[in-house]
2 protein chains.
Amino acid sequence: MTLQLSVDRSSPVPLYFQLSQQLEAAIEHGELTPGSLLGNEIELAGRLGLSRPTVRQAIQSLVDKGLLVRRRGVGTQVVHSQVKRPLELSSLYDDLEAAGQRPETRVLVNTVVPASAEVAAALAVAEGSDVHRVERLRLAHSEPVAYLCNYLPPGLLDLESSQLEATGLYRLMRAAGITLHSARQSVGARAATVVEAERLGEPEGAPLLTMQRTTFDDTGRAVEFGTHTYRASRYSFEFQLLVRP
Amino acid sequence: MTLQLSVDRSSPVPLYFQLSQQLEAAIEHGELTPGSLLGNEIELAGRLGLSRPTVRQAIQSLVDKGLLVRRRGVGTQVVHSQVKRPLELSSLYDDLEAAGQRPETRVLVNTVVPASAEVAAALAVAEGSDVHRVERLRLAHSEPVAYLCNYLPPGLLDLESSQLEATGLYRLMRAAGITLHSARQSVGARAATVVEAERLGEPEGAPLLTMQRTTFDDTGRAVEFGTHTYRASRYSFEFQLLVRP
DNA sequence: GTCAATGGTTTGTCCGGACAATCGAACTTC
DNA sequence: GAAGTTCGATTGTCCGGACAAACCATTGAC
């Protein structure tokens, strides 16, 4: 059976975007089965009353997402399943929420401190200048999962503890009009110190998963620097990544 | 000063690709400074004797790489440094080599075994059917860094230990005509068992960084499943990731 | 002085067409 | 029967143009 596709020209949503969303939904719902051909672009464009560049733009966005593969002389195929979502810059809060865990946050510290050398270098501010410092404990099912220590440059955001307990830091930043662009991350492991162990309810010396991250907005400004430690017994990073052709 | 750009129409290399490479090199060499405008697309197209779509395609590829940011009514800006390379599907071997370490590999096991339930599920083959099993120890500066255990479906690749000691697994796969497409990864941490500790030269109970990965080619076929353990004292994952707009 | 309207600049979207490069299969030849 | 050849199908690249949408600075009104 041929797929039911249509676009609404009176909508402000770009035509290529309407099409790519419909195709993505069709793949998600199994109406386009893995390995099946998509039909050639010219015919598809004609059927929808669109031009080929518009159809190509829609298809290209799904190729970039890893859902489709194009082959010259063959056609465009749906990738054989397994592909879910590529790695995104997501907050732990969103991850836990998406996984059906009910995340909780306890704000331990929310204050302004002078920047240490490390923090100053990461945020590109003068050493000793004021920066926000937020320490949080993240729980799932009322059990500690991670200890999060974050630094933010001043003047970016009003951080209220009540908001921090209700949602994740990234959501607050986005809501404040900051457009996140990229992040540098370092993931490692180490043995828990006495203090860390106690905070997370682990024995001393237990393996911890650690992450350091600096996040930049689209002007290249560092907007956040964080040092996180996760209970290795309760958390691991799961992600999917694509090969850039 | 205006940037020196030119394209060679007699070259088989696509024009947009020639342009994007020159722009990327200019950014890399600091000829295009962070924050600077790129000049509007129409003028740039005219200067190079190209059409605007071609120039846009070149710019778009750099936007996708996170090197440029476009703003309607403003122009296209070079992102304020800090951006190096986004996360790629790279092998540990390449990572170490790029970091100037001289990686070494010792092949501990290279054989065919019946697939366990876990391996069979990951590779989508029948439990108990034959799969390749490769165990390697990866060293840098003659010190163990990681223990790598990989499984491959049969018939894909002839794995010779001598080749495995000379280069990384991914390079061998690419050289065999396999086009890697995506991978699912899980990164965690745990305490070393006695066997693991001895293999890596760590004390028992030392924190290890662990990674499990299944890699798929562009037909969606699983082509590799691996379980890796890294010495946390000597290795951590460093990467950069972009926010998809 | 502050706020709103205006206009120019730049990217975003979309069109229709043209030719080249590549793939796979059918066909031919030895 | 096997190997090389041709041919149709499909995506890749590129062009030139048109209008819309968003941003910024200037101007104007109160």
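Q: Which residue is the bridge partner of F237(A) in β6(B)?
A: The bridge partner of F237(A) is V187(B). The model is predicted, so that local features need pLDDT of at least 70, side-chain atom pairs count only at pLDDT 80 or more, and totals for chains, interfaces and linings use all residues, while side-chain values use heavy atoms, with hydrogens and water left out. Residues are numbered from 1 along each chain as its sequence is written, and chains are lettered from A and ligands numbered from 1 in the order in which they are written.

Q: What makes β9(A) and strand β6 of chain B a pair?
A: Two strands pair if DSSP finds at least two bridges between them, the strands themselves being DSSP runs (E, at least two residues), as helices are (H or I, at least four), numbered from the N terminus. β9(A) and β6 (residues 180-191) of chain B share six bridges in the antiparallel sense, and therefore they meet the condition for a pair.

Q: In which order do the strands of the open sheet with β9(A) stand?
A: The order of the seven strands is β9(A)-β6(B)-β7(B)-β8(B)-β5(B)-β4(B)-β3(B), and their pairing is antiparallel. The edge strands are β9 (237-242) of chain A and β3 (103-114) of chain B, each of which pairs on one side only. From one strand to the next the twist averages 15°.

Q: Why is one side of β3 of chain A left without a neighbour in the sheet?
A: A second open sheet of seven strands, also antiparallel, runs β3(A)-β4(A)-β5(A)-β8(A)-β7(A)-β6(A)-β9(B). β3 (103-114) of chain A and β9 (237-242) of chain B stand at its edges with a single partner strand each, so one side of each has no neighbour in the sheet. Strand β6 (residues 180-191) of chain A pairs with β9(B) over six bridges in the antiparallel sense, and within that stretch S186(A) stands opposite E238(B).

Q: How do you know that the buried residues of α3(B) line one face of the helix?
A: Buried means under 20% relative accessible area, exposed over 50%, and partly exposed in between (1.4 Å probe, protein chains only), and the residues of α3(B) that are buried are T54(B), V55(B), A58(B), I59(B) and L62(B). Seen down the helix axis, they fall within an arc of 135°, so they line one face of α3(B); the arc is that of the directions from the axis to the C-beta atoms. Their cover includes α1 (15-28), α2 (41-48), β1 (68-71) and β2 (75-78) of chain B.

Q: What span is expected for helix α3 of chain B?
A: The expected span is 1.5 Å times one less than the number of residues. For the 13 residues of α3 (residues 52-64) of chain B this is 18 Å, and the helix reaches 18 Å from its first C-alpha to its last, close to expectation. After α3(B) comes G66(B), with a positive phi near 90°.

Q: What puts the buried residues of α2(B) on the same side?
A: E41(B), L44(B), A45(B) and L48(B) are buried in α2(B), and their arc around the axis is only 100°, which puts them on the same side of the helix. The face turned away from this buried side carries the exposed residues I42(B) and G46(B), while the buried residues pack against α1, α3 and β1 of chain B.

Q: Why is R231(B) called buried?
A: Its relative accessible area is 6%, and therefore R231(B) counts as buried. R231(B) belongs to strand β8 (residues 222-231) of chain B. Beyond its neighbours within four places in sequence, R231(B) is in contact (heavy atoms within 4.5 Å) with residues including E143(B), P144(B), L200(B) and L208(B). R231(B) and P144(B) are 87 residues apart in sequence and 7.9 Å apart in space, C-alpha to C-alpha.

Q: Why does S142(A) count as exposed?
A: S142(A) has a relative accessibility of 52%, so it counts as exposed. S142(A) lies in the loop between β4 (130-140) and β5 (143-152) of chain A, and its phi is positive, about 65°, although it is not a glycine. Most residues other than glycine have a negative phi. In chain B, S142(B) also has a positive phi of about 65°, and S142(B) is exposed, with a relative accessible area of 53%.

Technical notes
Axes fitted to C-alpha atoms, helices over the stretch in contact; angles between N-to-C directions.
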